[in-house]
Amino acid sequence: MTRIYISRDSGALALGAEAVVKRFEKEAKERGLDLEIVRNGSRGMYWLEPLVEVETDQGRVGYGPVRASKVDDLIDAGMLEGKPHKKCIGVVDDYPWFKNQTRLTFARVGTTDPRSLEDYQAHGGYAGLKKALEVGPDGIIEEVLASGLRGRGGAGFPTGIKWRTVADCPPQQKYIVCNADEGDSGTFADRMIMEGDPFVLIEGMTIAGIAVGATYGYIYLRSEYPHASVALRAAIDAARNAGLSATTWRARATPSTWRSATAGRYVCGEETSLLDSLEGKRGEVRAKPPLPAHVGLFGQPTIINNVLSLATVPIIMDKGGQYYHDFGMGRSRGTMRIQLAGNIKHGGLYETAFGITLGELVDDIGGGTYSGRPVRAVQVGGPLGAYFPRDLFDTPFDYEAFAARDGLIGHAGVVVFDDTVDMAKQAHFAMEFCAIESCGKCTPCRIGSARGMEVIDKIVADEDRAENLEILEDLCNTMKLGSLCALGGFAPYPVMSALTHFPEDFGADKKRLEAAE
Amino acid sequence: MPKYETWNPERAVEIIAEHQDQRGATLPILHALQEVFGCVPLDAEPLIADALNITRAEVHGCVTFYHDFRREPPGRRTLKICLAESCQAAGVRALESRAKEKLGVEMGGTTADARVTLEPVYCLGLCHSSPAVMLDKDVYAGLDEERLDELLKEAQS
């Protein structure tokens, strides 16, 4: 029997994986081949998707991107024996782009069958939970603190401290909430985990539940991710049927995982607005304090963590906090799952230790633009992240280093733009997006974003330029300091960075340049 | 056969009853109603308020807050085009104009023959292969004009 792997990840599906599977099934039937097709997660090398891997004695040999119409040619060329072909990338584990990564959180993604609990356990799954049960709640929190893990959702708050705060609350109904409202453009790591290794998220939530004494968990999943929803449901059911999430360890306080779909609001990725939404209300931001750790979901102590934070906990428990802490630089410990997106040749997921520079990521690993034109700007950290020009490509991936250059890592999405980009339009869009998505609770965000668009338009039209530039800066400061949450608070980042680094796009200079030509 | 059932309060009450016992039931109920009727009509609001023992204003505030919920059923197919930064960087604005022109509708509009509704979406999580769109529940990435035209044709057929 020959075993081949074709991803069920929605990124692969969006590129035609389903048609490839159908074609292989048809060919197998017609040729009388004994073929088993495993639907794995994606390896994260999306320019090669749909990637077909064949199990051979040397390892899994990859071919990609494969078109359904070329399947019979590939079979004729001997791909089922791992023979060379122009689409062949060799053994996937040895492929440099993949091999040079440090895959901790994503260790299994792309390797295992995300629907198979047996496969998960055969690849180290539930080793972390086993260890967690041995060391108990205090031991778990100690390990997470020692690992230096910081919230991967964007704010970078130390996960262990959040857990300690909830654990210290007197015994009562507590909740674990997984923030799976991955709304930042340029990010897809949460989706890849949920579709490619959902059990690791459930295991992480279970460990969190034991650590703080929570007995119920929610996964707040965005409605734009129907495939992740199916994968999570299947995994939750499998874990429950195997007695792994609700029965065996119930006595030791284990969350029975449930999910609830969002309804298309970016702001609901903000933790307090997420809580209101889960409670069935408008997803408006709450003023803090009280912290969600004290007064969270339904007024009870609640841990809210991003998918990646929770999915990293099992390996921290399995290998120890120190092991994880040994990767990274400064106060940014462990690995970051960088998502290369936008106009990029090699788009995908690259997990590596903190410290790699933006230039290495974009030029070497990302391979520059897809369009082949020069890279002009890179937005890091989603719609609220700053735009970086080439001059700043020496910035290392590190929370503090990015902050020092008026930027943020956020959820580590890196969106590349070529030289056709109009940065004034991007700045305008940042304000427009903020206006569309503002929950409306605080004035700086609700009104500021609308006024921001107008002021940018005036600057571009060269109307009272000096005065309007001053107004824009003042407005950005007001939004930054006066908004309740990061939506209004961070929208100035893309705006001001575009203005600072690309002033030539904002009118006056451009006109002068055009006149000179 | 029409894709969605026509509004029926008795049927709505049944759907609401299936979900009303969970905590924070509002969103699951709204999603379930929209799944069946294609939208959440104004008439549904008092029924939900009654079942959950909250005010009608609270339900109304909730329905109007979330972008997903509609007042009228959409066309037979819904095409969502991602307009977020990553897709912008990959040239989605030109595809957006092309789709609008070919369908003869603006964003949020439905074609006169009620076949296709065109909507914006802010990120489908396929930014590694921008630009991306979603036709009903199916996703497509790495789009160019040719592929978009094929999808538009499929949506209109």
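**View 1. Salt bridges and polar contacts between chain B and chain A.** In this predicted model, the salt-bridge tally between chain B and chain A comes out at 0. Polar contacts are another story: 18 residue pairs make them between chain B and chain A, counting pairs where both partners sit at pLDDT 80 or more. On the chain B side, α2 (26-37), α4 (56-65), α5 (85-89) and β4 (138-140) each put in at least two of the residues that touch chain A. Sort that chain B side by residue type and you get 20 nonpolar, 13 polar and 5 charged.

**View 2. The area buried between chain B and chain A.** Put together, chain B and chain A bury about 3500 Å², with 57% of that on carbon and sulfur atoms. The names to look for in chain B are Phe65(B), Glu85(B) and His128(B), which lose the most area to chain A and together make up 22% of what the chain B side buries. As for head count, 56 residues of chain A and 38 residues of chain B take part in the contact.

**View 3. Leu42(B) and its surroundings.** Here we zoom in on the loop of chain B between α2 and α3 (44-52), where Leu42(B) sits. Leu42(B) has 42% relative accessibility, so it counts as partly exposed. Skip the neighbours within four places in sequence, and Leu42(B) is in contact with Arg56(B), His60(B) and Arg71(B).

View 4. Along the chain, 77 residues separate Leu42(B) from Glu119(B). In space, the C-alpha to C-alpha distance between Leu42(B) and Glu119(B) is 21 Å.

How values were computed: Residues numbered from 1 in each chain as written. Chains lettered and ligands numbered in written order. Predicted model: local features only at pLDDT ≥ 70, side-chain atom pairs only at ≥ 80, totals over all residues. Heavy atoms only, no water. Contact = heavy atoms within 4.5 Å. Buried area = accessible area lost by both parts, 1.4 Å probe. Salt bridge = Lys/Arg side-chain N within 4 Å of Asp/Glu carboxyl O. Polar contact = N/O pair within 3.5 Å; in protein donor to acceptor, adjacent residues only side chain to side chain. Helix = DSSP H or I, 4+ residues; strand = E, 2+ residues; numbered from the N terminus. Nonpolar A, V, L, I, M, F, W, Y, C, P; charged D, E, K, R; others polar. Buried < 20%, exposed > 50% of the residue type's maximum accessible area, 1.4 Å probe, protein only.
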